[in-house]
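Open the model in your viewer and keep the selection tool at hand. The tour goes stop by stop.

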Amino acid sequence: MLDGVLLVAGFAMLVAGALVFTNAVEWAGLRLDLGHGAVGSVLAAVATAMPESLVPVVAIVRGERGDPIAIGAIVGAPFLLGTLAMALCGLAALLYRARRQGAGLRIDRPAMSRDLLIFLGTLSAAIVIGNIHGRPVHLIGALLLVVAYGAYLTTTIARARRQGGADDPPGPLYFDRAGDAPPAAYRILAQTIAGVGLLVGGAEVFVTVIEHLARAVGTNALVLTILVAPLATELPEKINSVLWIRQGKDTLALGNITGAMVFQPMMPVAVGMAFTDWRLTAPARVAAIAALTGAVLAVIAVRRTGRFSGPLIGCWTGLYAGATVSILALT
């Protein structure tokens, strides 16, 4: 009973921290004149990925027993993004097709294809390196991923500055009661620190509960983390994509997902390679392969039709369900 309460409390702290941190980071990006496109596709995506990214960091800091939890959190996020999140977006387009005047998606096909291909390449490399038991290889892989993400950030910000844009500004800063636009820098900094504090606290509670539950039920902490962590840290944020599709903001909705898909197999995986043994066991490989398969289906759909059909939604849902059953069977 206590574990359940603590788990809910940890999730609540993670979600609250993500909201506070994201809002602060978006305002920081605008004050730094990074361009609206970069604020939305890079900073917002990174900020909303913070909850699931801090879970492995906290697990690593706590010691060697945290390796399964760290690897589970790192692999679990791409697993959900490449399967269930895509299915939800397609389902939303179908459900609201009358309001939207059709089930087709109005998206930036080149940008989305680029993000998905980056995801496929980096996650594939992570799987290959996960089967090589050599510390130097892991460290080189981590360094290359960090450099690659740095190049992606630089290119995206430069393109956003060239294109300009008139996207809506973020909602009012939570720490700015006066409603100044833009808010004072010290208020943005204070809110950023508060958001990080909530995220770290929530991650600490989550890791503690997962370790205790794994011992209590005699199961693998990695499996629990793969299946439980993304449902609490990724799925609530991706519900925003469903709402944006309902409003016809398809580029924003899918960019929210593909932006996170670029980040997840780069920076969190780099942390895993550098600070854990990065040995992917069968459950982790199943989750990663399901994510890759889902991304391949997305690339095909984006390039051919720009529409997520009913059968395709069924494939993504089946991938998620089948992989979940397989992961549980492998414990």
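Which residues are buried in H3? Select Met50, Pro51, Glu52, Ser53, Leu54, Val55, Pro56, Val58, Ala59 and Ile60. Buried means under 20% relative accessible area, exposed over 50%, and partly exposed in between (1.4 Å probe, protein chains only).

A note on what you see. This is a predicted model, where local features need pLDDT of at least 70, side-chain atom pairs count only at pLDDT 80 or more, and totals for chains, interfaces and linings use all residues. Residues are numbered from 1 along each chain as its sequence is written, and side-chain values use heavy atoms, with hydrogens and water left out.

Now show all of H3, residues 50–61. Ten of its twelve residues are buried. From first C-alpha to last, H3 reaches 16 Å, close to the 16 Å expected at 1.5 Å a residue; that span is 1.5 Å times one less than the number of residues. Helices are DSSP runs (H or I, at least four residues), numbered from the N terminus.

Next, pick Ile69 in helix H4. Ile69 counts as buried because its relative accessibility is 0%. Ile69 touches Val55 and Ala59, and also Val207, Ile210, Glu211, Ala221 and Thr225, not counting residues up to four places away in sequence. Contact means heavy atoms within 4.5 Å. Draw a C-alpha to C-alpha line from Ile69 to Val55: 7.9 Å in space, 14 residues in sequence.

Last stop: select Ile74, Val75, Pro78, Leu123, Ala126, Ile127, Val269, Trp278, Leu280 and Ala288, which line the largest cavity. Helix H4 (67–95) and helix H6 (109–130) each give two or more residues to this lining. On a 1 Å grid over the protein atoms alone, a cavity is a set of points where a 1.4 Å probe fits but cannot get out; lining residues have an atom within 4 Å of a point.

Terms used:
On a 1 Å grid over the protein atoms alone, a cavity is a set of points where a 1.4 Å probe fits but cannot get out, and a pocket is an open set with protein on both sides within 12 Å along at least five of seven lines; lining residues have an atom within 4 Å of a point.
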